[in-house]
Amino acid sequence: MDKLKQIEAFVMAVEHNSFAAAALALQVTPVMVGRRIDTLEKRLGVRLLHRSTRRLALTEEGSVYLEHCRKMLSELEHAESALSAGHNKVTGHLIVSAPASFGRQHVAPYAQEFLEAHPGLKMSFNLTDRVVDLVQEGYDMGIRIGGNIDPNFVAIKLAANKRVVCGTREYFKKHGKPKTLDDLANHNCLSFNLQGGQQRGWYFNYRGKTVSVRTQGSLDCNDGELLHRWMTEGLGIAWRSVWEIQSQLESGMLETVLDDYAIPEYDIMAVYPQQRNVPAKVRLFISHLKAMYSQPGYWSR
């Protein structure tokens with residue numbers, strides 16, 4: 001039987017002057033309280049309590065032992081409280097990787113508020129559309145939008161998202177709208193290049209499976225905001241996240257095509273290496289971002 005439970009039963013029985021009251025406080029049966037104290041006395045080789053039908057009385061040995069037990073339990077409670085407080089104390093240096101455009105618009109702007117709440121912290125950001133190796137490059141966490149996650153990492157969903165093919169009304173009036181995935185070959189597709197980390201093309205849901213389509217066009221780059229600008233200028237169509245274009249879809253400036261093939265889940269995720277104790281700076285910044293993104297109408301701003 002657990003030694004700590006035996007000691008707790010002894011102290012509670014003395015403080016409540018009753019096995020029944022001690023059992024209620026410990027959420028066990030009176031019989032269990034009695035068994036724990038019996039086991040404790042047998043292990044110590046001394047009698048700690050004199051029992052009667054009306055009251056409990058400490059023996060001389062029990063009185064001495066009680067003070068040691070109370071001190072031990074108090075120190076244990078203090079240690080656990082200190083550990084819990086330290087678990088939520090945010091200090092040190094938080095290094096975050098995020099996609100360039102998303103990081104500028106939806107991650108970095110919330111750093112100052114987080115720092116004000118945790119003045120012992122320093123933050124650094126690397127905003128790039130390249131998929132970085134968090135461990136090798138020394139990041140505490142990263143923000144990812146869709147894609148496969150290494151099994152050695154933990155992924156926490158921050159917000160729902162999907163990716164769609166879109167373009168301006170003017171572009172579609174001039175070039176028509178693609179109706180099937182094969183039709184993409186007849187359109188100027190604005191894409192990330194190798195340096196932008198998009199080597200496998202655009203992803204779609206086709207007959208219940210995720211497929212990638214190699215696209216071609218006259219322009220490519222490694223920056224999401226530049227792709228977005230080219231698209232809004234009518235230079236071609238692009239495969240973009242809904243978070244980036246929501247307001248322009250609502251205004252009618254942009255239109256989506258191939259919606260039947262859109263991947264339904266391409267979530268925005270916080271990613272960090274698997275570890276037994278997640279640092280408070282990582283855990284609380286993730287909670288901070290989730291709180292921002294869950295505000296009503298956030299993605300339409």
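**Chat about a predicted model**

Reader: Quick one on Leu258: buried or exposed?
Author: Leu258 counts as buried, at 8% relative accessibility. Buried is under 20% relative accessible area, exposed is over 50%, and partly exposed is in between (1.4 Å probe, protein chains only). Keep in mind that this is a predicted model, where local features need pLDDT of at least 70 and side-chain atom pairs count only at pLDDT 80 or more, while totals for chains, interfaces and linings use all residues. Residues are numbered from 1 along each chain as its sequence is written, and side-chain values use heavy atoms, with hydrogens and water left out.

Reader: Where does Leu258 sit, and what's its phi?
Author: Leu258 is in the loop between strand 13 (254-257) and strand 14 (268-273). Its phi is near 55°, a positive value in a residue other than glycine. Strands here are DSSP runs of E with at least two residues, helices are runs of H or I with at least four, and both are numbered from the N terminus.

Reader: And Arg207, what's phi there?
Author: For Arg207, phi is near 55°, again positive in a residue other than glycine. Arg207 lies in the loop between strand 9 (202-206) and strand 10, and it is exposed, with a relative accessible area of 74%.

Reader: OK, switching to cysteines. How many disulfides are there?
Author: The structure holds 0 disulfides, a disulfide being a pair of cysteine sulfur atoms within 2.5 Å. Cys166 is in none, and the nearest cysteine sulfur, that of Cys189, is 11 Å away.

Reader: Now helix 3. Which residues are buried there?
Author: In helix 3, they are Val33, Gly34, Arg36, Ile37, Leu40 and Glu41. Looking down the axis of helix 3, these buried residues fall within an arc of 160°, so they line one face. The arc is that of the directions from the helix axis to the C-beta atoms.

Reader: What's exposed on the other side of helix 3?
Author: Val31, Arg35 and Lys42 are exposed there. Just after helix 3, Gly45 takes a positive phi of about 80°.

Reader: How many salt bridges do you get?
Author: The count comes to 13, where a salt bridge is a side-chain nitrogen of Lys or Arg within 4 Å of a carboxyl oxygen of Asp or Glu. One of them pairs Arg70 with Glu15 (3.4 Å, N to O). Arg70 is in helix 4 and Glu15 in helix 1 (residues 3-16), so this pair ties together parts that are 55 residues apart in sequence.

Reader: What about Arg169, who's its partner?
Author: Arg169 forms a salt bridge with Glu255, and the closest N and O atoms are 3.3 Å apart. Arg169 is in helix 7 (residues 169-175) and Glu255 in strand 13, so the pair ties together parts 86 residues apart in sequence. Arg169 counts as partly exposed at 42% relative accessibility, as does Glu255 at 21%.

Reader: Which residues are joined into one network?
Author: Glu15, Glu67 and Arg70, through salt bridges that share partners.
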